Amino acid sequence: MSPDQALPEPALLASPYDLTCENKECKRYGTVAQGARCPDCGLRNHLVLPPDEQAPWVPAAKASAGTRPAPVAPIGVGEMLSRTLFGGFWALVTLGLLIAALAGVSNGHAGALLGIPAAALTGLYSAYIFRGGRFRMIFW
Ligand SMILES: [Zn+2]
């Protein structure tokens, strides 16, 4: 099929709410398409939007790109302090439980072994807080 061969059907320019092929390499680019995929290039057809509805998110994305480079919300100082306080507290509890368990076992207290699963739990909880977990508690 040579490129200058006439189209078998007249190519209608796509108007709003028509489906069109968005492949710029394709000879059906910008013309009315039928079905989910372009019969020529096999790429997915797209719905043509009226000019006033076209990509309303583009100006917003451009505006925020300069001011806020990170896609995730930045962590505030209070949040960092809270994570350090709560996460650090449970990390210390974990360490204390491990030391107590090892000291207890080395002194012949087999029951001190229970401190190891407890330390594992507090360690997991500490990691959960550092990753930003919402449920935080502390004791003294
Ligand atoms: Zn196409």
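Q: What makes the 3 strands an open sheet, and in which order do they stand?
A: In this predicted model, the strands (DSSP runs of E, at least two residues, numbered from the N terminus) form an open sheet in the order E2-E1-E3 with antiparallel pairing, where two strands pair if DSSP finds at least two bridges between them. Strand E2 (32-33) and strand E3 (45-47) are the edge strands, since each pairs on one side only.

Q: How do you know that strand E1 (residues 19-21) pairs with E3?
A: The two are joined by 3 bridges and run antiparallel, and Thr20 stands opposite His46 in E3.

Q: Why are H2 and H3 called roughly antiparallel?
A: The axes of helix H2 (residues 77-106) and helix H3 (residues 115-130) come within 8 Å and cross at roughly 165°; angles over 145 degrees count as roughly antiparallel, and therefore H2 and H3 are roughly antiparallel to each other.

Q: What is the confidence of the protein chain, and which elements have the lowest and the highest mean pLDDT?
A: On pLDDT, the predictor's confidence in each residue from 0 to 100, the protein chain averages 81, and 76% of the residues score at least 70.

Q: How are residues numbered, and which pLDDT do local features need?
A: Numbering starts from 1 along each chain as its sequence is written. Local features need pLDDT of at least 70 and side-chain atom pairs count only at 80 or more, while totals for chains, interfaces and linings use all residues.

Note on methods
Axes fitted to C-alpha atoms, helices over the stretch in contact; angles between N-to-C directions. Helix = DSSP H or I, 4+ residues; strand = E, 2+ residues; numbered from the N terminus. Parallel < 35°, antiparallel > 145°, perpendicular 65-115°, else oblique.
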